[in-house]
Amino acid sequence: MKKITLSALFLASIITFSSCNSTEKKDSTEVAEDSNEAKFDDSKLEDDTEFAVAAADGGMFEVELGKLAEKNAVSKDVKDFGAMMAKDHSKANDELKALASQKNITLPDSLSEDKQKKYNDLAEKKGSDFDKAYVSLMVDDHKEDIKEFEEASKDAKDAEVKAWAAGKLPTLNQHLETVQALKDKLK
């Protein structure tokens with residue numbers, strides 16, 4: 001009996017040790033979503049928190065890609081667009097962080113695995129291949145962002161989240177117009 005008890009304790013300590021020392025890193029957006037779900041489960045704000053998490057992830061992505069474009073782009077226009085992305089989305093990210101803090105919404109602190117993979121893939125490209133891939137990604141990304149922000153500007157339950165989303169639409173539309181013109185120019 002003593003051997004069984006000692007074996008069980010030993011096994012339990014190994015399991016505890018390995019789970020505490022796991023090197024697996026959980027996706028930052030998943031951590032934020034789980035935290036918000038615990039705080040806002042069955043709340044009318046659940047969709048608002050999901051929008052905020054997605055907007056934060058997207059905003060960080062745009063900033064990081066903008067910085068990458070400033071370094072890696074060949075075209076001056078693409079470099080300038082990247083600088084504008086980094087500047088404008090940094091400002092929007094700071095506003096979102098302040099709003100989220102006020103509303104007790106947890107935001108991710110790093111890129112989601114999906115966005116990080118897209119960043120890594122783009123970072124491997126060089127020259128005009130980089131320029132074309134970055135611009136194409138920005139066209140697609142801004143089309144998606146505009147849809148999500150339009151939806152939040154109409155459907156968000158929290159008035160301040162709704163107003164923030166609506167306030168970002170003119171800038172997102174201007175970014176899309178600019179990058180679409182760049183894409184046409186690079187053909």
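1. E160 counts as partly exposed, at 37% relative accessibility. That value falls in the partly exposed class because the class runs between the buried limit, under 20%, and the exposed limit, over 50%. The model is predicted. K103 is partly exposed too, with a relative accessible area of 23%.

2. What joins E160 and K103? Their side chains meet in a salt bridge, 2.5 Å from N to O. E160 belongs to helix α7 and K103 to helix α4, so this pair ties together parts 57 residues apart in sequence.

3. A second salt bridge stays within one helix. D80 pairs with K76, and the closest N and O atoms are 2.7 Å apart. The two residues are four apart in α4, about one helical turn. An α-helix has 3.6 residues a turn, so residues three or four places apart point the same way. D80 is partly exposed, at 39% relative accessible area. K76 is exposed, at 58%.

4. K187 forms a salt bridge with D184; here the closest N and O atoms are 3.9 Å apart. K187 is exposed, at 76% relative accessibility. D184 is partly exposed, at 43%.

5. K91, E95 and K168 are linked in a salt-bridge network. How many salt bridges are counted? The count comes to 11.

6. Now helix α5, residues 113-123. Its buried residues are K115, Y119 and L122. They sit on the same side of α5, because they cover an arc of only 65° around the axis. The buried residues of α5 pack against α3 (46-72) and α6 (127-155).

7. The largest pocket has a volume of about 490 Å³. Which of its 33 lining residues are closest to its centre? They are G58, G59, H89, D145 and F149. Two or more lining residues come from each of α2 (28-40), α3, α4 (76-103), α5, α6 and α7 (159-186). By type, the lining divides into 10 nonpolar, eight polar and 15 charged residues.

8. The second largest pocket has a volume of about 240 Å³. Its lining includes D47, D48, E50, F51, A54, E148 and E151. A152, D155, A156, K157 and V161 also line this pocket. The elements that give two or more residues are α3 and α6. The largest share, five residues, comes from α3. This lining has five nonpolar residues, no polar ones and seven charged.

Terms used
Residues numbered from 1 in each chain as written. Predicted model: local features only at pLDDT ≥ 70, side-chain atom pairs only at ≥ 80, totals over all residues. Heavy atoms only, no water. Buried < 20%, exposed > 50% of the residue type's maximum accessible area, 1.4 Å probe, protein only. Arc of directions from axis to C-beta. Contact = heavy atoms within 4.5 Å. 1 Å grid on protein atoms, 1.4 Å probe; cavity = no way out; pocket = protein on both sides within 12 Å on 5 of 7 lines; lining within 4 Å. Points joined across faces, edges and corners; volume = space filled by probe spheres on them. Nonpolar A, V, L, I, M, F, W, Y, C, P; charged D, E, K, R; others polar. Salt bridge = Lys/Arg side-chain N within 4 Å of Asp/Glu carboxyl O.
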